[in-house]
Amino acid sequence: MCLAIPGKVVELLKDRQAIVDFMGVKKTVAVDLIDNLKKGDYVIVHAGFAINKLDRRQAREAIKEFETLLGDDKPVR
Amino acid sequence: MKHENVTLSMGAGGKLSAELVEEVFLPAYGNKICNTLDDAAELTIGKSSIAFTTDSFTVKPIFFPGGDIGTLAICGTANDLAVKGARPVAISVGFIIEDGFPMVNLKKIAASMQKAAASIGVKIVTGDTKVVGKKEADGIFINTSGIGATMPGMCISCTRAKCGDDIIITGTIADHGIAILNARQNLDFEPVIESDVAPVLPIVEAIADYGKYIHVMRDPTRGGIASVINEIAKASRVNVRLYENRLPVKKSVISCCNLFGLDPLYVPNEGKIVLFVDHRKTEDILEKIKSVPEGENATVIGKVLDTAFSQEIPPVHIETALGTRRFVPLLDSEPLPRIC
Amino acid sequence: MINRFADPAIGKRILEEIRRFGGRATIMEVCGTHTVAIFRAGIRDGLPETVNLVSGPGCPVCVTPVETVEKAVRLSFRKNTTLFCFGDMMRVPAANGTIESAISRGASVRMMYSPMEALEHARENPQVDTILFGIGFETTIPLFASVLMRAQEEDIRNLYLLCAFKLIPPALHALLSSEDAEIDGFMLPGHVSTIIGEDAYRFLETRYRVPAVITGFEPVDILKGIAMLIQLIEKGIPEVRNEYSRFVSKQGNPKAQETIHAVFTECDASWRGLGTIPASGLALKNGFSRFDAEALVDFDIPAIPERPGCLCGEVIKGKKKPIDCKLYGTVCTPSRPIGPCMVSSEGTCAAFYKYAFVKKRGNHET
């Protein structure tokens with residue numbers, strides 16, 4: 001029931017909608033619940049609505065931690 | 001009587017469909033041939049071994065990326081024959097059409113049927129058409145029945161899976177179900193995901209010489225590969241392990257499955273075969289399958305274990321990417337109605 | 001970048017760390033989506049025996065009272081009406097059958113993936129009353145609120161809502177206030193949290209002194225969440241932490257919260273299996289009362305008793321496992337569900353039945 005998938009905003013449309021790219025598959029999504037959305041932002045989408053934006057800094061920090069765990073020093077993209 | 005009415009779930013090909021067959025049809029007209037519940041019946045007429053099958057098509061929408069109900073109607077039946085190890089010879093067609101159905105669509109469908117049939121050298125030899133009133137059928141329903149000549153050396157049955165067998169899938173999974181769902185929901189996905197509907201005869205012909213080593217073949221339509229593998233495991237009384245890392249799924253299909261909360265293991269396919277083969281010949285058979293375009297993405301996805309089969313314990317499990325295990329059960333009903 | 005959270009190599013390393021944990025811990029996965037994700041990723045099979053995962057009440061289908069489902073069934077039979085409903089809800093047995101079986105008896109029902117579909121339907125079919133069956137937690141509530149706000153803007157007069165939403169924090173209060181709450185820590189629902197924010201759970205620290213970790217849904221998220229919880233439990237640190245920080249902030253999504261408050265007001269609500277929990281539900285505010293589906297029919301629905309022997313209430317409190325229920329796997333199966341935990345694909349009993357190695361009572365692991 002709390003199924004939500006992350007995707008990347010590729011185009012902002014009128015009427016509080018945006019086109020979001022999910023691993024190569026694009027879909028129109030309602031963005032009523034997000035302020036200041038920009039092309040290139042990542043959002044988490046639930047039942048056709050974006051419910052929040054990705055905090056890239058937090059994501060990068062989490063991944064850095066994982067990489068320490070794995071013991072590899074590949075740079076985080 | 002367990003159920004008072006027939007429900008939608010009973011048409012989905014899962015446990016409830018099986019119950020319907022067992023509760024109503026087998027008691028009414030079951031016989032040794034029918035009771036095997038294989039995709040096609042095996043008949044002996046004189047000295048010839050014939051396979052005979054039937055299927056009805058209620059797919060919605062009628063036209064979808066990669067094909068239409070006509071393509072499905074021919075490929076579905078031809079494939080049921082091919083996976084029984086029989087070369088399709090002739091197909092019959094029965095139409096039930098709603099009053100007002102556009103002629104231009106009917107012509108398109110007929111053309112698709114001929115194209116699919118011609119591609120594997122099969123003839124549509126007889127047919128029937130009924131037209132019913134408005135709202136009495138949703139557009140068009142098609143039934144096709146087919147007969148085929150069993151190829152020498154082929155002895156396919158759901159009961160023949162053996163310990164040590166390798167399990168092969170001939171290409172990516174879940175394409176058809178997702179293509180239909182997208183078309184039905186009028187979803188604006190890009191790029192458009194196409195159904196994999198296609199005849200599998202070329203694959204079967206490529207491995208015809210290995211008949212002795214091919215124990216089971218099934219086309220994983222309703223219920224996806226999980227359902228047919230469960231049915232085979234149960235019929236053969238064996239346990240199966242699948243490997244999550246080895247499942248071929250397109251990235252776009254995974255994405256759509258995530259968006260809809262679907263598991264690709266259970267989503268229908270229309271141009272694929274699941275094979276259980278003697279592990280001594282796996283490499284050779286795989287090479288032959290990959291030599292035809294329809295089988296270029298074929299891969300081994302699991303094996304039959306040598307553990308004891310028990311009615312109480314689900315026979316199919318999967319080794320996850322984490323290296324742990326979980327069951328892959330037979331679901332009661334399929335989440336996507338009118339998929340084929 | 002986001003795919004690293006599904007990276008099995010990382011998952012395996014975290015699993016190794018978890019396996020080094022010596023003590024015992026009972027962790028409640030509040031959310032049904034977590035229950036299924038944990039099974040599907042094979043995490044349950046990989047955890048040490050000393051880590052006991054119990055399910056919680058975070059399955060909206062499971063906690064909706066039967067009488068409410070019956071209301072939806074009756075609405076679906078109304079003339080010139082179409083009911084829009086999430087898939088899982090359609091198979092819950094009500095007084096005389098499910099919403100799905102109502103279709104076989106002539107009711108007009110559409111399965112939806114998004115409440116937006118109902119708005120489109122209402123717009124395109126002005127002669128039909130479109131009714132939304134509103135179930136879900138804070139993840140889903142703002143969606144329905146947005147749909148009603150759009151309907152208000154467009155002056156759509158044929159859209160209605162049967163309001164049956166539930167709120168998570170009051171449910172946690174109820175669980176922890178009960179006599180014998182034996183939960184060492186909570187795995188908190190990541191997507192509910194993206195709306196309400198980390199701060200909404202402070203009461204777990206201050207009032208109940210129970211550790212909790214807001215957790216995402218990828219295999220790596222879940223394993224990390226479990227690892228963090230185990231550390232907190234082991235060290236006796238009764239704090240709330242945030243594993244899902246890439247999508248959950250301290251304040252959550254203020255715009256979504258405002259949207260909810262613009263349309264709904266809190267009220268007491270009845271949770272199937274838990275009873276009435278104060279301020280745990282929502283009702284339409286006056287400005288939106290014309291969308292209320294309850295005003296369309298004079299409901300006179302008697303209480304519908306639970307089947308004797310059904311332990312769903314205990315299961316969603318984490319007090320009993322499905323295997324403890326005499327009906328589980330015998331008369332109660334996914335194709336013939338008796339209790340809500342078996343109906344919903346995210347219900348604990350359904351998940352166990354499908355995925356767990358211990359299938360029926362008295363069976364052993366292969």
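Me: Within how many Å do the axes of helix α2 and helix α3 of chain B come, and at roughly what angle do they cross?

Reply: This is a predicted model. Start with the two helices. Two packed helices are described by the angle between their axes and the distance between the axes. In chain B, helix α2 covers residues 69-82 and helix α3 covers residues 103-119. Their axes come within 7 Å and cross at roughly 30°. The crossing of α2(B) past α3(B) is right-handed. On the α2(B) side, the contact is made by I69(B), G70(B), T71(B), A73(B), I74(B) and C75(B). On the α3(B) side, the residues are I109(B), S112(B), M113(B), A116(B) and A117(B). Sort the residues of this contact by class: eight are nonpolar, three are polar and none is charged.

Now set beside this a contact between chains. Chain C and chain A bury about 3,600 Å² between them. Of that area, 65% is on carbon and sulfur atoms. Chain C gives 43 residues to the contact, and chain A gives 38. Six salt bridges are counted between chain C and chain A. One salt bridge joins K224(C) to E65(A), with the closest N and O atoms 3.0 Å apart. Among the elements giving two or more residues to the chain C side are α1 (8-19), α8 (141-153) and α12 (219-235). Of these, α8(C) gives the most, with six residues.

Conventions:
Residues are numbered from 1 along each chain as its sequence is written. Chains are lettered from A and ligands numbered from 1 in the order in which they are written. This is a predicted model: local features need pLDDT of at least 70, side-chain atom pairs count only at pLDDT 80 or more; totals for chains, interfaces and linings use all residues. Side-chain values use heavy atoms; hydrogens and water are left out. Axes are lines fitted to C-alpha atoms, for helices over the stretch in contact, and angles run from 0 to 180 degrees between N-to-C directions. Helices (H or I, at least four residues) and strands (E, at least two) are DSSP runs, numbered from the N terminus. A crossing is left-handed if the near helix is turned anticlockwise from the far one by less than a right angle, and right-handed if clockwise. Contact means heavy atoms within 4.5 Å. Ala, Val, Leu, Ile, Met, Phe, Trp, Tyr, Cys and Pro count as nonpolar, Asp, Glu, Lys and Arg as charged, and the others, Gly among them, as polar. Buried area is the accessible area (1.4 Å probe) that two parts lose on being put together, summed over both. A salt bridge is a side-chain nitrogen of Lys or Arg within 4 Å of a carboxyl oxygen of Asp or Glu.
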